[in-house]
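Hi there,

Here is the structure I promised to pass on to you. Have a look at it first, and then read on for what turned up in it.

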Amino acid sequence: MPSNFDFSGLFIFEMANNHQGSVEHGVRIIREMAQIARQYGIKAGVKFQYRHLDTFIHPDFRHDTKAKHISRFLSTEMTPDQFKTMVEACREEGLVTICTPFDERSVDQIVEHGIEIIKVASCSADDWPLLTKIVKTDKPIIASTGGLVLQQIDNLVSFLEHRNRNFAILHCVGIYPSPNDVLHLKFIKKLKARYPNVTIGYSGHEAPDNTEVAQLTVAMGAEIFERHVGVPTETITLNNYSMNPAQVAQWVEAYQRALVMLGEDEKVVTNAEKESLLSLKRGVFVNRPIKKGESIVAQDVYFAMPCANGQLTSAEFGKLRARFVASKDYAPNEGVFETTTDDNYHRIRRIIHQAKGMMAEAGVVLNEKAEVELSFHYGQERFEQFGCVLVSLVNRDYCKKIIVMFAGQHHPEQKHLKKEETFHILSGSMIITLNGISRSLHKGDILTIERGDLHAFYTEGGVIFEEISTTHYRNDSFYTDELIMEQDPLQRKMIVEEF
C-alpha cells in the first residue's frame, strides 16, 4: 500500500481479545466483517495486535497471575505463521490489513507480513523508542490518542509531520466501556481545526449497542471509525465494549444514515422545497388597471395567497430599489408576472455579502479602519468572471492587503514596476501564472512576485490570500490587455464605505 493512502471513510474492525488465540476463530471474524463491508459498500480493514511476548513481558512476571493483562496475553499467544495465515485471509476478502505493534520486534514482523497500515495504540502514542522504529517503515500510520492531553498530541503530530509520514489521528477514550459523559466528542472538531492537514477519526469503546455515537462522530467531522468486534459462540462471550456482527451492521447503518442527513457542505434548495414554500408565500396582485409600459409601484398592488409559479412574490416585489414595468395590460386583481433586471446596487450588495461571508468562514477578522475596494477589470457586469475584493489594512513603507476572489474568477495578467509583493494563501486555492509558468497555490503556500514579473491568477473554488508588499501606488498596475489600461481607474475600481 502506498504511503499516501487515503484514510477517509475507513472502518477498522479490531478483533476482540486477539480472537481468543485461535486461527480458525480469527478467520471466521474476518469472513463476517468482509461480508458486512461488501453489503454496505464501505472501505474496511481488520486490525491485529502483535506482541513479541518473550521481550514484551519481563521474565520475572510471566507467571504472575496478579499482573493485569499478562495472563490474557499469554493465553492468546500466536506464532508469526498463524498471524500470517489470517493476514492472507484478509487479503483474500479484499480487506485492508492493519496491525498494532507493542514492541520493536513486532514492527519487524509487520514489515515481514506486508501489512499495509500500522496502528499506534493510545498506550504507545508517547512511546518514542517504538514510534521511532515505526516511522522508519514508511508505512501509513494511524495513532489513537486516548489519555493524551493536547500538548502531548501536539508533540505526536509534530513528530510525524517532521518525518513526512502519512498519518491520521483518532480521538479515543481509554475506558472500557466508555460511558457517554466521558466521550467529549466535540474534541474531534478541535482536532480538525488544530491539524487541518491531518485526517481525524474516532476509536470507540462505548457500549456496542450505542449507535448514537457513530452518528455524532460523523457530525463532528470524523473520517475514520474503529471498534472492537468479535463473534460469540457457545464457548466465547464478547466483552462489554465489543460488537457482534449484527451490532457492527447497525453501527455502519447509523453512520450511513448520518451521512445522508448531513448532506453537502453547501446549502441545497431542491425544487420540492421551493414548491412547498411557494404554496405558503404571498403573491403580488394589482388593485387597479395597469397599462403595458406603466411602472408598477407599491400603491398599485396588494399581497395575497396563493402565489402561482412565475408570479412575483411579496419578497421579490419588496426588494430594496427593485423596479417593475408592466409587459402587458393588467386587470384589477390579476397576478403580476414580471421580472427585474439585476442593477448595480444589488450587484454590489451581493458581492459585499459574499466576501464578508467567505472571510468569516475563514476566520479573517477586519478592523473598522480597513479600506475595501472592488476591482472590475471589464466592468461591474462581468465581475463574476473578472474581478476581486481588495481590503487594504496598511500602506506605509510596507503594505498589507487581504484579497478575496469568488469561485471561477480570473485576475488578468499585470505587472508592477515599483512594488514587490508576496502572496500567502489563507483559504482555498488558486492557479497563478508567473512569467508564463503556471503553478497551484493552496492554503499555507507563499509566493513572492518581484518587480516586473508578469502574473495572472485564477481560482476554481474561491480563494482568500494575504498580499504583503512594499508601498502600493495606484498608478503601478500595468495590464497586458490594453482594453484594461485604456479605462479610467474610476471605471474599474470602487471604494466601499461600509463593509
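Let me begin with a pair of helices. Helix 1 and helix 10 (residues 245–262) pack with their axes 10 Å apart and at an angle of about 25°. That makes helix 1 roughly parallel to helix 10, and their crossing is right-handed. Glu32, Met33, Ile36 and Tyr40 of helix 1 make the contact with Pro245, Val248, Ala249, Val252, Glu253 and Gln256 of helix 10.

Before the rest, a word on conventions. This is a predicted model, in which local features need pLDDT of at least 70 and side-chain atom pairs count only at pLDDT 80 or more, while totals for chains, interfaces and linings use all residues. Residues are numbered from 1 along each chain as its sequence is written, and side-chain values use heavy atoms, with hydrogens and water left out.

Helices (H or I, at least four residues) and strands (E, at least two) are DSSP runs, numbered from the N terminus. Axes are lines fitted to C-alpha atoms, for helices over the stretch in contact, and angles run from 0 to 180 degrees between N-to-C directions. Angles under 35 degrees count as roughly parallel, over 145 as roughly antiparallel, 65 to 115 as roughly perpendicular and the rest as oblique. A crossing is right-handed if the near helix is turned clockwise from the far one by less than a right angle, and left-handed if anticlockwise. Contact means heavy atoms within 4.5 Å. Buried stands for under 20% relative accessible area, exposed for over 50%, and partly exposed for in between (1.4 Å probe, protein chains only).

The axes of helix 7 (residues 150–162) and helix 8 (residues 187–194) cross at roughly 40° and come within 12 Å. Helix 7 and helix 8 are therefore oblique to each other, and this crossing is right-handed. On the helix 7 side the contact is made by Leu150, Ile153 and Asp154, and on the helix 8 side by Phe187, Lys190, Leu191 and Arg194.

Helix 7 also holds Phe159, which is buried at a relative accessible area of 10%. Not counting residues up to four places away in sequence, Phe159 touches Trp128, Leu131, Thr132 and Val135. The C-alpha atoms of Phe159 and Leu131 are separated by 9.0 Å, although the two are 28 residues apart along the chain.

How far apart are the end C-alpha atoms of helix 4 (residues 80–92)? They are 18 Å apart, which agrees with the 18 Å that its 13 residues should span at 1.5 Å a residue (the expected span is 1.5 Å times one less than the number of residues). The buried residues of helix 4 are Phe83, Met86, Val87, Ala89 and Cys90. Seen down the axis, these buried residues fall within an arc of 155°, so they line one face of helix 4; the arc is that of the directions from the helix axis to the C-beta atoms. Asp81 and Glu92 are exposed on the other side of helix 4. Among the elements covering the buried residues of helix 4 are strand 1 (10–15), helix 1 (23–40) and helix 5 (104–113). Gly94, with a positive phi near 75°, follows helix 4.

Helix 13 (residues 344–362) has 19 residues and reaches 27 Å from its first C-alpha to its last, close to the expected 27 Å. Its buried residues include His346, Arg347, Ile348 and Met359. Helix 13 is followed by Gly363, whose phi is positive, near 75°.

One strand residue deserves a visit too. Glu14, in strand 1, is buried with a relative accessible area of 5%, and the residues that Glu14 touches include Lys47, Arg227 and His228.

Last come the backbone details. Most residues other than glycine have a negative phi, and most peptide bonds are trans. The Tyr176 to Pro177 peptide bond is cis, with omega near -10°, and the Met305 to Pro306 bond is cis with omega near 10°. Asn164 has a positive phi near 55° and counts as exposed at 67% relative accessibility. His184 has a positive phi of about 45° and lies in the loop between strand 6 and helix 8, the loop that also holds Pro177.
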